[in-house]
Amino acid sequence: MKLLPFERFQIETGLTVEEVHALLSEHVGRAELLFQFGDKRFCGVLYPQSFKISRSIKYRNSFLPVLTGEFEATDKGTIIEITSRMNFLVMAFLILIVLVAFFIAFVVGIALLLNENEPTALLMGLAFLLIGVVWPILSYWSEEEKAKAALHEILDEGKSGVAGS
């Protein structure tokens, strides 16, 4: 399992940049300020040579990846260079939680060494750290896999549509 909520990957397709753009525009809805609900599979912004999207979901998940991509035309079709990352505000909040957890664990650890009290407070700090690191990372990577699969499915659907024409 990767620890950083960040990944770069490529999707290669035999479709032209215009076909990829048209295909994605059928599946990308307008981004709302707070919610990603909608009838489209993704929400965000689609430009002629790039995009910035997230999966459209019917539930709240602050750890939903933001996918930014650029289209590059090749002789064989299109290469889509994609960067997946966590929302900056969510990432800043998680860093704050982890710093607070380290501070709590450090202070309580020092107090335990000096006073030899019960380690309950230390366990609280470690639990805070576990919740602040493991839960967001697992949630992020789970959603990232779903977004990748949806993009592949959309582009494969476009290939079969072009082949059938």
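1. The sheet. In this predicted model, six strands make an open sheet of mixed pairing, ordered β1-β6-β5-β4-β3-β2. Strands here are DSSP runs of E with at least two residues, helices are runs of H or I with at least four, and both are numbered from the N terminus. Two strands pair if DSSP finds at least two bridges between them. The edges are β1 (6-13) and β2 (28-30), each of which pairs on one side only. On average, neighbouring strands of this sheet are turned by 35° against each other, direction ignored.

2. Basis of the model. As the model is predicted, local features need pLDDT of at least 70 and side-chain atom pairs count only at pLDDT 80 or more, while totals for chains, interfaces and linings use all residues. Residues are numbered from 1 along each chain as its sequence is written, and side-chain values use heavy atoms, with hydrogens and water left out.

3. Strand pairing. β1 and β6 (residues 77-85) run antiparallel and are joined by eight bridges; R8 stands opposite T83 in β6. β3 and β4 are antiparallel, joined by five bridges, and C43 faces S54 in β4. The hairpin between β3 and β4 passes through three residues.

4. Helix α1 on the sheet. Helix α1 (residues 17-27) packs on the sheet and touches β1, β2, β3 (42-46), β4 (50-55), β5 (66-74) and β6. Contact means heavy atoms within 4.5 Å. The direction of α1 makes about 155° with that of β5. Axes are lines fitted to C-alpha atoms, for helices over the stretch in contact, and angles run from 0 to 180 degrees between N-to-C directions.

5. Chain order. The protein chain has three helices and six strands, which follow the pattern β-α-β-β-β-β-β-α-α along the sequence. Of the contacts between residues at least 6 apart in sequence, 58% join residues at least 24 apart.

6. The largest nonpolar core. A nonpolar core is a set of buried Ala, Val, Leu, Ile, Met, Phe, Trp, Tyr and Cys residues joined through side-chain atoms within 4.5 Å. The largest one has 20 residues, of which F42, F51, L67, I80, I82 and L151 touch the most other members. Two or more residues come from each of β1, α1, β4, β5, β6 and α3, and α3 gives the largest share, five residues. Beyond its neighbours within four places in sequence, I82 is in contact with E7, R8, F9, I11, F51, L67, T68, G69 and L151.

7. A second core. A separate core of eight residues includes F63, L94, I97 and Y140.

8. Burial and surface. Buried residues (under 20% relative accessible area; over 50% is exposed, in between is partly exposed; 1.4 Å probe, protein chains only) make up 39% of the 165 in the protein chain. The chain exposes about 10200 Å², 65% of it from carbon and sulfur atoms. Accessible areas come from the Shrake-Rupley method with a 1.4 Å probe, and for residues only the protein chains shown count as cover.

9. I131. This residue lies in helix α3 (residues 120-164). I131 counts as exposed because its relative accessible area is 52%.
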